[in-house]
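These are my notes from going through one model, entry by entry. I wrote down what I looked up and what came back.

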Amino acid sequence: MKLRFPEARIRTWAEAFPDQGEDAPLRAMQAEIREAGGLSKAQLRAVARWKSPRSAPHIEANDEAFVREITAFALAARDERSRIEALTLLDGVSWPTASVILHFFHSDPYPVLDVRALWTVGLAQPGQYTFPFWADYLRFCRALALRAQVDMRTLDRALWQYAKERQPALGG
């Protein structure tokens, strides 16, 4: 993996991100979710709508107790693989949506798995996500954020914005 722009420009690209308050609903839930130790079905629905509105209706197939138990397990797990893969047991939660749950609600820093962010670090979206792929991306992003002295949200916004402005159109 290699960042497509100089690390010194991470804050600049993050500042170009059009902040229109989309993160506000998820940020507003952080304290409640961290205190509860997991998400409710309604909170999971909000996360799914934020990341992937098309997959959000699939959340309805989950039982409330299952959502609470799986998310509580994932947020308390000590093992990285357990954290991310447990979340994918939930209907409507793919690896990218699972990464959003960890990004906003886990105390450790997590990147958001997104096709734009992946492109910015020289990766193509894989046909199927795997734990080794995630683990490599996670290590890369954590090390990059540490070197650049930015939080993960700042890095995530920078990666997304750079691709939004520079990534060639798909298929073209």
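This is a predicted model: local features need pLDDT of at least 70, side-chain atom pairs count only at pLDDT 80 or more; totals for chains, interfaces and linings use all residues.

Entry 1, isoleucine 84. I asked which residues isoleucine 84 is in contact with, leaving aside neighbours within four places in sequence. I found Trp95, Ala98, Ser99, Leu102, Phe131 and Trp134; contact here means heavy atoms within 4.5 Å. Isoleucine 84 is found in helix H5, residues 80–87. Helices are DSSP runs of H or I with at least four residues, strands are runs of E with at least two, and both are numbered from the N terminus. At 0% relative accessibility, isoleucine 84 counts as buried. I use buried for under 20% relative accessible area, exposed for over 50% and partly exposed for in between, with a 1.4 Å probe and protein chains only.

Residues are numbered from 1 along each chain as its sequence is written, and side-chain values use heavy atoms, with hydrogens and water left out.

I counted 9 helices and 0 strands. I then checked the overall dimensions: the C-alpha trace spans about 45 × 35 × 35 Å along its principal axes. A compact globule of 172 residues would have a radius of gyration near 16 Å, and the chain agrees because its value is 16 Å. That radius is taken over C-alpha atoms, and the globule rule is 2.2 Å times the number of residues to the power 0.38. Of the 172 residues, 49% count as buried. Among contacts with a separation of 6 or more, 66% are between residues 24 or more positions apart.

How many of the residues of H6 are buried? I got 11 of 11, so H6 is mostly covered. Trp95, Ser99, His103 and Phe105 are among them. I looked for what the buried residues of H6 pack against and listed H2, H3, H4, H5, H8 and H9.

Isoleucine 101 is one of the buried residues of H6. Not counting residues up to four places away in sequence, isoleucine 101 touches Leu39, Leu44, Val47, Leu75, Leu87, Val93 and His106.

I looked up how helix H2 (residues 24–36) meets helix H6 (residues 95–105): the axes come within 9 Å and cross at roughly 75°. The axes are lines fitted to C-alpha atoms, for helices over the stretch in contact, and angles run from 0 to 180 degrees between N-to-C directions. H2 and H6 are therefore roughly perpendicular to each other, the term for 65 to 115 degrees; under 35 is roughly parallel, over 145 roughly antiparallel and the rest oblique. From H2 the contact uses Leu26, Arg27, Met29, Gln30, Ile33 and Arg34, and from H6 it uses Val100, Phe104 and Phe105. I sorted these residues into 6 nonpolar, 1 polar and 2 charged. Nonpolar covers Ala, Val, Leu, Ile, Met, Phe, Trp, Tyr, Cys and Pro, charged covers Asp, Glu, Lys and Arg, and the others, Gly among them, are polar.

The buried residues of H3 (residues 41–51) include Leu44, Val47 and Lys51. I found H2, helix H4 (64–76) and H6 included in what covers them.

The largest nonpolar core has 57 residues, and Ile10, Leu87, Ile101, Phe105, Trp134, Tyr137 and Leu155 have the most contacts inside it. Helix H8 (residues 131–148) gives the largest share, 11 residues. Such a core is a set of buried Ala, Val, Leu, Ile, Met, Phe, Trp, Tyr and Cys residues joined through side-chain atoms within 4.5 Å.

I located leucine 138 in helix H8. Leucine 138 counts as buried at 4% relative accessibility. Not counting residues up to four places away in sequence, leucine 138 touches Glu80, Pro109, Tyr110 and Pro111.

Glutamine 149 lies in the loop between H8 and helix H9 (152–166). Its phi is near 55°, a positive value in a residue other than glycine. Most residues other than glycine have a negative phi. At 65% relative accessibility, glutamine 149 counts as exposed.
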